Amino acid sequence: MKLCVPGDKLCSSEDCIPGTGVYLRHGYIYSSLAGYVLRKNEGEELPVISVVRETETQLLPDVGAIVTCKVTSINPRFAKVHILYVGSTPLKDRFRGTIRKEDVRATEKDKVETYKSFRPGDIVLAKVISLGDVQSNYLLTTAENELGVVVAHSEAGAQMVPISWCEMQCPLTHSKEFRKVARVQPEYLQA
Amino acid sequence: MTNSPCPHPDNKPFSGQPEKEKTWGGKRFRAGPVAWVIYFNMPTDTKRVRGPEVSQSPSLFSCDPAAVLPSKGPRADGRRRDQVDVRPVFVRCGLVSQAKGSAYLEAGNTKLMCCVYGPRETDRKDETDMKCGRLTTDMRFAPFSCPERGSWIQGSQDKDFSLMLHESLQPAICLHKYPRSQIEVSVMVLENSGSVLAHAVTCASLALADAGIEMYDLVLGCSMRQDGTSYVVDPSYMEENGCSSVSCENQGGLTVAFLPSLNQISGLQSDGDMTEETLTAGVRTCIEGCYKLYPVIQRALTKAVRKAAPSQSES
Amino acid sequence: MARVQVSEAEKVYILHGIRDDLRVDGRGCEDYRHMEIETDVVSNTDGSAKVTLGHTAVLVGVKAEIGKPRPTVPTEGYLEFFVDCSANATPEFEGRGGEELGTELSNTLYKVFNNKRSIDLKSLCICAGEHCWVLYVDVLLLQCDGNLYDAISVAIKAALFNTKIPKVHISSDDEGGKEIELSDDPYDCMRLNVENVPCIVTLCKVGHRHVVDATLQEKACSVASLIISVTHKGTITCMRKVGGGSLDPESIFEMTEAGKRVGKALHAPLMKLLEQEESLGKKRQKVYTCFPGLPLVSPQPPREESGAK
């Protein structure tokens with residue numbers, strides 16, 4: 001396989017479609033990474049050319065991406081989280097996000113109470129809705145059935161079992177706690 | 001210090017019996033070699049350096065400061081004058097495992113290393129960060145890197161180098177691919193033997209490529225020094241700082257950072273006093289010097305990629 | 001630096017204008033804005049000058065102090081530069097906000113003066129290895145409206161021209177010690193030769209052309225600029241690229257050539273103006289105008305003394 005370094009001219013844009021790790025300039029495709037040149041035919045007329053590295057290049061949370069995060073703190077208006085995964089790729093560095101009260105669920109937004117939805121330490125599946133502005137971090141939402149708390153621990157310290165879309169139960173004490181529970185899709189479980 | 005604890009060599013030979021006693025710092029000590037023992041046992045303020053406030057390197061006095069360098073004939077290290085004769089460069093990627101990417105570069109006795117961290121969340125925020133990422137650069141000299149001892153605290157010269165490094169690297173990085181995040185580049189100069197900035201640029205771009213940061217092109221640096229009618233490429237520390245015998249006509253230094261495949265100059269800095277023609281010719285010379293480095297850097301980078309993923313090369 | 005927001009349409013307008021050698025304020029690509037120079041503005045300094053260029057205003061004060069020469073060059077005095085970006089120039093400079101720009105500017109000034117010809121440093125030596133004059137050049141930004149470098153360099157040249165260093169007399173006493181005697185007469189002073197002091201020309205690359213003395217709007221349209229400090233002979237003491245973009249070698253050569261031409265032309269009217277103002281002495285009316293390429297504007301009627309009320 002061919003190796004390339006940033007700035008190497010790979011081919012004309014008439015021969016290939018630019019994929020990842022490349023950029024287009026004056027009708028030619030150049031490499032923007034040091035790695036292996038990969039040509040893939042994806043049913044289209046032209047092959048897609050991209051440059052890949054041994055390790056997954058650093059992903060950043062983007063709008064629309066499903067992220068896995070850990071709740072760090074809650075207050076009546078929003079929950080603060082740390083983003084741990086983008087899709088199935090772990091992040092090397094920590095990125096902070098915010099789930100606002102009105103983004104917790106899709107219905108009855110005005111009746112949401114954050115402490116009945118999340119608790120610090122919960123693992124939450126969420127979707128990025130905005131990269132945020134100067135003051136705020138990434139804005140996330142859990143307003144979908146598939147999004148919400150996936151792992152939570154009860155006050156007794158046991159991992160709780162979801163019993164409805166808004167409740168989880170402790171297997172030890174059988175006490176119920178409120179959460180915005182995610183209906184985890186089987187394909188996410190594999191990931 | 002009026003009563004120094006230092007025994008004078010002309011004191012009476014050590015006989016085990018001290019000649020007289022003095023008090024110093026509230027403690028008794030004896031003149032003569034025994035005094036040293038007491039001196040070291042004293043509760044001293046370890047943070048205070050017991051020396052004069054201003055000190056100078058003895059090298060200033062040992063050799064003539066205005067060491068005149070010959071402006072003709074071969075250079076001290078055997079390279080040719082008026083030729084694009086750069087020092088052979090040794091480069092390696094990935095020496096710091098904790099960093100996202102790193103590189104080490106050696107050119108003659110100039111040794112420096114660079115680490116790249118990120119992209120990570122920015123600590124400082126303003127509007128520009130929303131659309132594209134931020135590059136932060138930090139260049140430091142180890143205190144022992146120059147003939148005179150430097151300080152660990154970043155001086156204004158180091159800040160200037162950091163800024164030049166930033167300006168040279170920024171055009172090459174696809175910062176729009178890293179919104180809301182920052183990429184940190186730090187260069188540590190271990191030994192300064194001239195042309196530090198030029199080599200720092202090369203080393204940093206190699207570390208960025210090693211980190212997998214998307215870049216439009218590699219950045220290569222080269223510097224030259226004009227001395228009257230002759231010039232030297234990739235000057236050593238002596239050539240950079242020594243003054244020549246000829247008058248100060250047309251003298252100066254130039255550093256260029258160059259993107260070889262895009263044919264763009266991303267960094268340029270000159271000082272001294274040169275004519276426009278000399279400067280133009282100097283820029284061309286430096287570009288030529290950058291092209292000499294290009295294959296070496298390419299090879300080092302492909303080697304690093306191959307080392308990281310040997311299995312892929314067979315597929 | 002103070003930033004302005006420029007919309008895409010404005011950008012296109014500015015770019016197309018510059019392509020046709022016509023700028024938004026009616027200037028050609030190599031013309032400066034209206035420049036005003038005033039020297040001897042702060043009485044507590046040894047030399048001072050205020051320069052306004054468009055709406056950019058800088059104030060430079062030079063203070064001479066007796067210090068110890070650097071051990072590497074015992075027979076020379078030296079210059080120290082400090083640029084203060086105060087919060088009245090723009091609120092962004094408040095606190096430590098202007099520090100970065102200040103260091104950048106002062107570092108560039110050190111580079112500009114890092115040669116043996118700009119200022120005769122040997123004349124600043126009082127007693128080799130022991131005493132020398134240290135000139136503290138303090139630059140204060142009063143208003144930012146683009147092109148700080150050029151305004152600062154002109155102001156420094158004017159302030160150095162204006163600088164009067166008191167004459168000192170060294171007498172040795174009986175024990176071989178030396179005594180420095182300062183002259184009592186305020187007119188018994190040393191002047192600096194500022195003929196070789198360079199002026200900085202900043203060229204902004206906008207589109208495929210480059211402009212001199214860019215306004216903030218034009219600066220927002222440019223990817224990179226080139227700072228060139230030019231002496232009256234046309235030699236270049238410092239050149240550096242600033243800004244986030246890169247330039248291709250050919251345009252750098254073009255810009256160097258243009259910078260040299262513009263910079264060289266700046267010196268003669270500036271020196272003439274400084275000498276003219278000097279000759280008027282204390283009773284002169286202070287504000288003079290300088291617009292390179294145009295004849296000097298005659299002095300305006302005297303300002304009304306506010307203290308006369």
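Me: What should I know about the model and the numbering?
Reply: This is a predicted model, in which local features need pLDDT of at least 70 and side-chain atom pairs count only at pLDDT 80 or more, while totals for chains, interfaces and linings use all residues. Residues are numbered from 1 along each chain as its sequence is written, and chains are lettered from A and ligands numbered from 1 in the order in which they are written.

Me: How many residues of chain B are in contact with chain A?
Reply: There are 34 from chain B, in contact with 26 of chain A, where contact is defined as C-beta atoms, placed from the backbone, within 7 Å.

Me: And which element of chain B gives the largest share?
Reply: That is α7(B), with six residues; α7 (276–308), β6 (110–121) and α8 (310–314) each supply at least two, helices being DSSP runs of H or I with at least four residues and strands runs of E with at least two, numbered from the N terminus.

Me: Switching to chain C, which strand does β1(C) pair with?
Reply: β1(C) pairs with strand β2 (residues 47–53) of chain C in the antiparallel sense over five bridges, pairing being defined as at least two DSSP bridges between two strands.

Me: Which residue is the bridge partner of T39(C)?
Reply: In β2(C), T39(C) has A49(C) as its bridge partner.

Conventions: Two residues are in contact if their C-beta atoms, placed from the backbone, lie within 7 Å.
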